[in-house]
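Here is a short report on one protein chain. Look over the sequence and the fold, then read on.

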Amino acid sequence: MIEPTVTMPPKRVRRPPARRSVRPPREAVRFPVLAVVFVCAACGLVYELELVALASYLIGDSVTQASVVLSVMVFAMGVGSLLAKRLRCRAAVGFGLVEAGLALIGGCSAMVLYASFAWLGESRYVLVAFSLAIGVLIGAEIPLLMSLIQRGQAAGADRAARAAGSGRAGRQTSLGERDDAAGTVADLFAADYVGALVGGLAFPFLLLPWLGQLTGALVTGAVNAVAGGGLVLWVFRRDLTGRSRALLVAVNVGVLAVLATATVLVDDFEQAARRAVYGERVRVAVHTELQEVVVTGGVEELPDLFLDGRLRVAGRDEYRYHEALVHPAMNGAHARVLIVGGGDGMAAREVLRYAGVRSVTVVELDPGVVRLARTDPALAALNAQAFRDPRVRVVYADAFRWLRGAADRLQERYDVVISDLPDPGITPSTKLYSEEFYGLVARVLTASGRFAVHAGSVTDRPRTYWTVDATLRAAGFATRPYSASGRAPGFAAGPDRADRTSGTERGPGDWGFLLAVRGERPPALRLAADAPRLRSLGAGTLESAARRAERTRGAEPPPSTLVHPRYGA
């Protein structure tokens with residue numbers, strides 16, 4: 001018997017409903033996180049450069065200050081990365097507090113550093129402390145952000161694994177998670193490095209010329225606080241408790257209030273600090289593109305001229321320095337004279353006292369100094385209106401570059417070259433005390449030309465002084481050392497920094513000079529027959545000046561070159 005075939009309707013297979021694709025948290029927050037990393041990296045580098053620039057201005061020797069700031073900050077960044085591990089369980093609020101602290105400390109660092117120099121006379125320890133604190137906070141940024149992003153990725157991966165089941169799908173999810181982590185690290189570091197580039201370029205070309213060091217640091221801190229706080233309170237708000245959110249809002253509002261108040265009061269602060277540094281008689285204070293220029297004293301008084309905090313000209317006794325620098329070099333032909341530096345006009349004044357001078361070329365880096373020396377009544381009276389003399393020509397250029405081209409370009413040579421430069425221990429001047437620079441000078445001197453060099457204090461820094469002497473001789477010069485004394489008590493005239501650590505201005509006890517000629521025979525140290533009447537120099541004075549310098553001679557140091565500078569601060 002054949003059983004009838006019963007056709008059953010096909011069994012309907014129930015398919016799971018289509019899932020909405022869950023966008024990984026990394027994709028949702030990628031742009032705002034990278035944007036904030038970019039901004040914070042730019043701010044961090046601005047803090048670093050601001051510390052280096054201000055420390056070089058306040059303390060001197062930019063190479064040393066840059067080395068201290070960079071080494072301490074890099075070390076501190078490593079410490080900050082380790083300390084950030086303790087905040088991983090509260091990464092959102094930790095990152096918000098780190099950025100608020102960085103904004104406050106970095107933004108106020110310039111004011112505190114300047115205040116410590118002005119009122120305490122010492123800023124080295126403050127510099128190290130700020131470098132350490134800023135480095136720790138910068139080092140904690142990336143680890144905390146990574147913790148936040150990885151936490152979001154882990155949650156997304158768990159959801160995807162549960163939906164796809166275990167086994168092969170789970171293994172693929174794990175591999176994708178590792179790929180996402182590696183990609184996130186690459187993105188974060190790329191944004192960090194690009195932000196550092198932008199901050200490094202913005203500091204010298206935008207912040208420093210437009211806002212100055214103090215206001216620039218404060219504005220950078222405000223940008224840092226807004227970026228860091230905004231990221232946490234907006235993108236990672238679900239990782240915050242109500243109490244944490246209130247804490248972050250209060251802290252960031254407080255930081256912004258402090259920075260805004262300091263910005264409003266920065267001009268008053270700067271004036272008060274300037275009075276603490278230079279005294280109550282500050283008459284002119286201007287920031288040129290290169291440095292701060294301050295003139296103290298009344299219009300009818302002998303002025304004092306400060307460049308970047310260093311007393312460059314003291315009206316009471318500057319004639320001792322400039323007479324000793326210029327007049328021994330004028331013994332011989334002196335129709336054509338080159339002055340390297342000397343933007344204050346005092347060396348040109350002494351040169352122009354000789355009737356035989358036909359032309360004087362002054363090579364000065366900062367036009368602002370010459371402009372002030374021309375227009376300020378007290379300075380113009382002190383330099384006897386030297387820049388109005390038709391025989392004087394001013395060239396605004398780096399002396400090294402200018403001489404490098406002048407040696408080939410100029411048809412005539414100079415009878416006298418005078419190096420009226422800051423102390424060789426001040427780093428920006430070091431290349432102008434190098435064997436290479438002296439070789440360029442030799443090329444523009446006539447066969448019988450003379451070269452006068454200010455070389456720092458003989459008694460206070462003898463090794464620096466004799467290094468200049470050794471460098472001149474290595475460049476093919478024969479030298480005659482001498483010094484000048486008689487500084488007015490309490491003054492540090494000439495291009496030396498005043499010592500304010502004890503609350504008084506105390507400069508080195510003398511000025512050291514070297515008179516050099518090409519060849520092997522040292523020049524005679526005497527005045528020209530047509531020398532004008534001088535207040536501080538005579539035959540006996542020059543002889544004693546030479547003996548005074550020779551008494552400090554010790555073992556011969558090696559010469560200084562561009563690639564191996566040997567001058568210390």
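Asp304 lies in strand E3, residues 304-307. Helices (H or I, at least four residues) and strands (E, at least two) are DSSP runs, numbered from the N terminus. This is a predicted model, in which local features need pLDDT of at least 70 and side-chain atom pairs count only at pLDDT 80 or more, while totals for chains, interfaces and linings use all residues. Residues are numbered from 1 along each chain as its sequence is written, and side-chain values use heavy atoms, with hydrogens and water left out.

Is Asp304 buried or exposed? Asp304 is buried, yet has no salt bridge. Buried means under 20% relative accessible area, exposed over 50%, and partly exposed in between (1.4 Å probe, protein chains only). A salt bridge is a side-chain nitrogen of Lys or Arg within 4 Å of a carboxyl oxygen of Asp or Glu. For charge, Lys and Arg count as positive and Asp and Glu as negative; His and the chain ends are not counted. The nearest side chain of opposite charge to Asp304 is Arg281, 4.3 Å away. The side chain of Asp304 does reach the backbone nitrogen of Gly315, at 3.1 Å.

Asp510 is also buried without a salt bridge. Its nearest side chain of opposite charge is Arg548, at 5.4 Å. Asp510 is found in the loop between strand E10 (477-484) and strand E11 (511-518). Its side chain makes polar contacts with the side chains of Ser457 (2.6 Å) and Thr459 (3.3 Å). A polar contact is a pair of N or O atoms within 3.5 Å; within protein, one must be able to donate a hydrogen and the other to accept it, and residues adjacent in sequence count only if both atoms are side-chain atoms.

## Annotated positions

The UniProt annotation "binding site", from an unreviewed entry, covers His322 and Asp344. These two span 23 residues in sequence, yet no two of their C-alpha atoms are more than 11.1 Å apart, so they gather at one spot. UniProt positions are given in the numbering used here, feature names are shortened, and annotations may be inferred rather than shown by experiment.

His322 is found in helix H7, residues 318-326. A polar contact of 2.8 Å joins the side chains of His322 and Glu318. Asp344 lies in the loop between strand E5 (336-341) and helix H8 (346-351). Contact means heavy atoms within 4.5 Å. Not counting residues up to four places away in sequence, His322 touches Asp344, Met346, Ala347, Arg349, Glu350 and Asp420. With that limit on neighbours, the contacts of Asp344 include Leu305, Arg312, His322 and Asp420.

UniProt also lists Gln291, Glu364, Asp398, Ala399 and Pro428 for "binding site", in an unreviewed entry. Gln291 has its place in the loop between strand E1 (282-287) and strand E2 (292-296). Leaving aside neighbours within four places in sequence, Gln291 is in contact with Val286, Leu307, Asp308, Asp366 and Val369. Glu364 sits in strand E6, residues 359-364.

Which backbone nitrogen does the side chain of Glu364 reach? That of Gly343, at 3.0 Å. Gly343 lies in the loop between E5 and H8. Gly343 and Leu365 are 22 residues apart in sequence and 8.2 Å apart in space, C-alpha to C-alpha.

| Residue | Relative accessible area |
|---|---|
| His322 | 1% |
| Asp344 | 3% |
| Gln291 | 17% |
| Glu364 | 11% |
| Gly343 | 3% |

Helix H13 (residues 462-474) has 13 residues. It reaches 18 Å from its first C-alpha to its last, close to the 18 Å expected at 1.5 Å a residue. The expected span is 1.5 Å times one less than the number of residues. Buried residues in H13 include Thr464, Tyr465, Trp466 and Asp469. Just after H13, Gly476 takes a positive phi of about 100 degrees.

Gly96 is found in helix H3, residues 91-120. At 0% relative accessibility, Gly96 counts as buried. Gly96 and Leu247 are 151 residues apart along the chain, but their C-alpha atoms are separated by 9.7 Å. Gly96 touches Val232 and Leu248, not counting residues up to four places away in sequence.
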